[in-house]
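Here is a short briefing on one model. Keep the sequence and the coordinates at hand while reading.

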Amino acid sequence: MFLYGNPSIEWFQEHNGSSEESHGHYIMTCQDGGFLQIGESNFLPNSKIYIVKTNADGEFLWSREINIGGHNLGNSAIELDDGYLIAGALNRNSALIKLDKETGSTIFSETYNNGGTDAFEHATITPNGIVAVGYIHSEDPYNTFYAEGQGYIMFLDINGTEIFSQNLGELIDQAYRVQNFNSELIISGLSEDASDYKLIKMSLEG
């Protein structure tokens with residue numbers, strides 16, 4: 001037996017930045033039951049990273065717009081014990097931004113000129129610090145979903161200082177997500193021309 005019907009909507013909230021349009025790329029449930037959404041306001045090449053924190057009912061708590069120059073991307077976030085770590089790009093360079101949970105104020109903001117137009121897509125925490133993945137040398141810098149470059153991974157301490165990095169271009173064109181799973185790194189992404197999914201398993205030491 002099939003039942004057809006419209007799903008009930010518990011709530012709907014709308015939040016917007018200062019520019020023409022705001023659009024989210026990533027949303028996560030936070031430890032306090034609320035939500036954090038990350039994306040941009042306005043469009044490339046005039047975008048700003050846009051971050052919104054809400055309570056469990058989607059009601060506004062705080063927001064941030066962050067930009068250097070005009071090419072800025074808010075790609076994802078992870079929750080730490082003492083803040084939210086945003087992965088993306090500032091002024092065409094890979095960026096990690098740590099924000100205070102209660103106010104959204106900046107704890108640190110670090111950019112890394114890894115090569116050409118580059119960005120971090122995601123990060124994870126390991127016993128050694130932070131591991132961030134993304135791409136470098138984008139061939140399609142105005143595409144916010146598949147930039148067609150070379151996969152890249154960076155190992156950093158917990159304060160965002162680079163320890164070492166590695167070009168993954170021979171293995172993956174765009175490293176999209178990374179997870180610390182069973183004390184190993186699992187990296188997912190796309191092959192050339194986005195024709196195939198790619199998966200890499202790596203030790204925590206790279």
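Buried means under 20% relative accessible area, exposed means over 50%, and partly exposed covers the range in between. D82, at 45% relative accessibility, therefore counts as partly exposed. The model is predicted. The points below cover salt bridges, an aromatic pair, surface charge and backbone features.

**Salt bridges**

- The count of salt bridges comes to 4.
- K101 and E79 meet through their side chains in a salt bridge, at 2.9 Å from N to O. This pair links distant parts of the chain, 22 residues apart. K101 sits in the loop between β7 (93–99) and β8 (106–112), while E79 belongs to strand β5 (residues 73–80).
- K101 counts as buried because its relative accessibility is 18%, and the cut-off for buried is under 20%.
- D82 and K98 form a salt bridge, with the closest N and O atoms 2.9 Å apart. D82 lies in the loop between β5 and β6 (83–90) and K98 in strand β7, so this pair ties together parts that are 16 residues apart in sequence.
- E184 is in strand β14 and K201 in strand β15, so the bridge ties together parts 17 residues apart in sequence.
- E184 is partly exposed, at 30% relative accessibility. K201 is exposed, with a relative accessible area of 59%.

**Aromatic pair**

- The structure holds 4 aromatic pairs. One of them joins W62 and Y84, with 6.5 Å centre to centre and 40° between the planes.
- The W62–Y84 pair is tilted, because planes under 30 degrees apart count as stacked, those over 60 as edge-to-face, and the rest as tilted.
- W62 is in strand β4 (residues 60–66) and Y84 in strand β6. The pair thus links distant parts of the chain, 22 residues apart.

**Surface charge**

- A patch of negative charge gathers E139, D140, E192 and D193 on the surface.
- D193 lies in the loop between β14 (184–190) and β15 (197–203). D193 is exposed because its relative accessible area is 51%, and the cut-off for exposed is over 50%.
- The strands on either side of that loop, β14 and β15, are the ones that hold E184 and K201.

**Backbone features**

- The peptide bond from L44 to P45 is cis, and its omega is near 10°. P45 lies in the loop between β2 (35–41) and β3 (48–54).
- R92 has a positive phi, near 70°, and is a residue other than glycine. R92 lies in the loop between β6 and β7. With a relative accessible area of 28%, R92 is partly exposed.
- N182 also has a positive phi in a residue other than glycine, near 55°. N182 lies in the loop between β13 (174–181) and β14. With a relative accessible area of 61%, N182 is exposed.

Terms used:
Residues numbered from 1 in each chain as written. Predicted model: local features only at pLDDT ≥ 70, side-chain atom pairs only at ≥ 80, totals over all residues. Heavy atoms only, no water. Patch = residues over 30% accessible without salt bridge, like charges linked within 9 Å, V, L, I, M, F, W, Y side chains within 5 Å. Areas by Shrake-Rupley, 256 points an atom, 1.4 Å probe, with all protein chains shown as cover. Lys, Arg positive; Asp, Glu negative; His and termini not counted. Charge placed at Lys NZ, Arg CZ, Asp CG, Glu CD. Helix = DSSP H or I, 4+ residues; strand = E, 2+ residues; numbered from the N terminus. Buried < 20%, exposed > 50% of the residue type's maximum accessible area, 1.4 Å probe, protein only. Phe/Tyr/Trp six-rings, centres within 6.5 Å; stacked < 30°, edge-to-face > 60°.
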